[in-house]
Amino acid sequence: MAAIKTGIVIGIIGLAEGIAVGRTFAMFKNYHIDGNKEMIAFGMMNIAGSCTSCYLTAGTGQALFYLPFDPLRMLLVVQNTRHFMEIFQLLAVTAGPFSRTAVNFNAGSRSAVSNIVMATAVMFTLLFLTPLFHYTPLVVLSSIIIAAMLGLLDYEAAIHLWKIDKFDFFICLGAYLGVVLGSVEIGLIIAITVSLLRIILFVARPRTMVLGNIPNSGIYRSMDQYQIANSVPGILILQIDAPVFFANASYLRERISRWIYEEEDRLKSAGEASLHYVILDLSAVGSIDTSGISMLEELMKNVHRKGLQLVLANPQSEVMKKLDKSKLIDKIGQGWIFLTVGEAVSACNFMLHTCKSIHVAVDQNAEENKV
């Protein structure tokens, strides 16, 4: 069990680190990195390497096709050994850390042939020249790595992140400090953790916006983004900008209810026509679970208690299937589900004018009867 747990942790962190390193240099060299193939490559390297007791390919760099070997570690390890088989096992290492990638890149390597040349040179050095490097100061070897790494620091990219998205900048800063003060693994863990927290926050607090009509068109857009958009009298149009599931169902129910309360208060204070219809634009809702369906059902009941009608616009196929299986379509009414927001608004306006005409005719008949 200890080996399984350790293997899972090493596999996840190693794969993330390896892909991150690969994408960094793929950007420099303008080629594509396939995460699935990288994962298969790491697995095959470890399976093949285990046959010769080589070091574990823990994902601290890319595969043999991209990275050089680790001459520094090999020199330190084989100082006390002269057996060719043990040296061969060390040469079976098929990955290297980020620093060695930078050294190889700055040295001008262009293809996998550089690894073959390096393997040959390292083997010759380990077999015959090891005593010459026995007293080489580690600071000299470290300076090579530091010099190569300095060229990879992109300050302009960090400033660009600060200008566009400060949250991305802090993720970048956290990863940088984690690598500098700790290790590459710590930096990756910080970046991945903060990124996952951001995704969870975004999904748990999705955007809901009020839509308005662009003058002289049938287009409906956010009234916050387009100041010229006008609200439709008697109709509140809301758009949900994320899938609806258990993590955000309660938030969406409360947020939509708050929108309705605020719209009713605004209409009363302005002395305008009262609210009659609430249209939900579900075009951005790609999926929904049982909690989301329960939320829509509760929202429909709350809307009906206020004497309003809930209308759905442009639900996706997956959403429609689940609404149909849950019988919520029958509860809302098939006549209140439309393909576009424009069609939903036209139908609501038609019903408003029809009901108004009926009320006017009833009032006229009552007055004539009185006369």
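In which handedness of crossing, left-handed or right-handed, does α11 pass α12? The crossing of α11 past α12 is right-handed; a crossing is right-handed if the near helix is turned clockwise from the far one by less than a right angle, and left-handed if anticlockwise.

Before going on, a word on what you are looking at. This is a predicted model, in which local features need pLDDT of at least 70, side-chain atom pairs count only at pLDDT 80 or more, and totals for chains, interfaces and linings use all residues. Residues are numbered from 1 along each chain as its sequence is written, and side-chain values use heavy atoms, with hydrogens and water left out.

**Helix pairs**

Helices (H or I, at least four residues) and strands (E, at least two) are DSSP runs, numbered from the N terminus. Axes are lines fitted to C-alpha atoms, for helices over the stretch in contact, and angles run from 0 to 180 degrees between N-to-C directions.

| Helix pair | Angle | Axes |
|---|---|---|
| α1 (residues 2-29) and α2 (residues 35-50) | roughly 125° | within 10 Å |
| α9 (residues 166-181) and α10 (residues 184-204) | about 160° | 6 Å apart |
| α11 and α12 (residues 290-305) | about 25° | 9 Å apart |

Angles under 35 degrees count as roughly parallel, over 145 as roughly antiparallel, 65 to 115 as roughly perpendicular and the rest as oblique. The angle of about 25° therefore makes α11 roughly parallel to α12. Contact here means heavy atoms within 4.5 Å. On the α11 side the contact includes Leu252, Ile256 and Ile260, while Met295, Leu299 and Val303 are among the residues from α12. By class, this contact has 7 nonpolar, 3 polar and 2 charged residues; Ala, Val, Leu, Ile, Met, Phe, Trp, Tyr, Cys and Pro count as nonpolar, Asp, Glu, Lys and Arg as charged, and the others, Gly among them, as polar.

Helices α9 and α10 are roughly antiparallel to each other, and α9 passes α10 in a right-handed crossing. Gly174, Ala175 and Gly178 are among the α9 residues that meet α10, whose side includes Gly187, Ile190 and Ala191. The contact of α9 with α10 divides into 9 nonpolar, 4 polar and 2 charged residues.

Further up the chain, α1 passes α2 in a right-handed crossing. Gly14, Leu15, Gly18 and Ile19 of α1 make the contact with Gly35, Glu38, Met39 and Phe42 of α2.

**The sheet**

Now to the strands. Six of them form an open sheet with mixed pairing, in the order β2-β1-β3-β4-β5-β6; two strands pair if DSSP finds at least two bridges between them. The edges are β2 (220-222) and β6 (337-338), each pairing on one side only. Helix α11 (residues 249-270) packs on the sheet and touches β1, β3 and β4 (277-281), its direction making about 155° with that of β3. Strands β1 (residues 208-213) and β3 (residues 235-240) run antiparallel, joined by 3 bridges.

**From the record**

An unreviewed UniProt entry lists "transmembrane region" for residues 6-28, 40-67, 87-105, 112-129, 135-155 and 167-200; such annotations may be inferred rather than shown by experiment, and positions follow the numbering used here, with feature names shortened. In the model, residues 6-28 are 100% helix and 0% strand, with end C-alpha atoms 33 Å apart. Residues 167-200 are 94% helix and 0% strand, and their end C-alpha atoms lie 14 Å apart.
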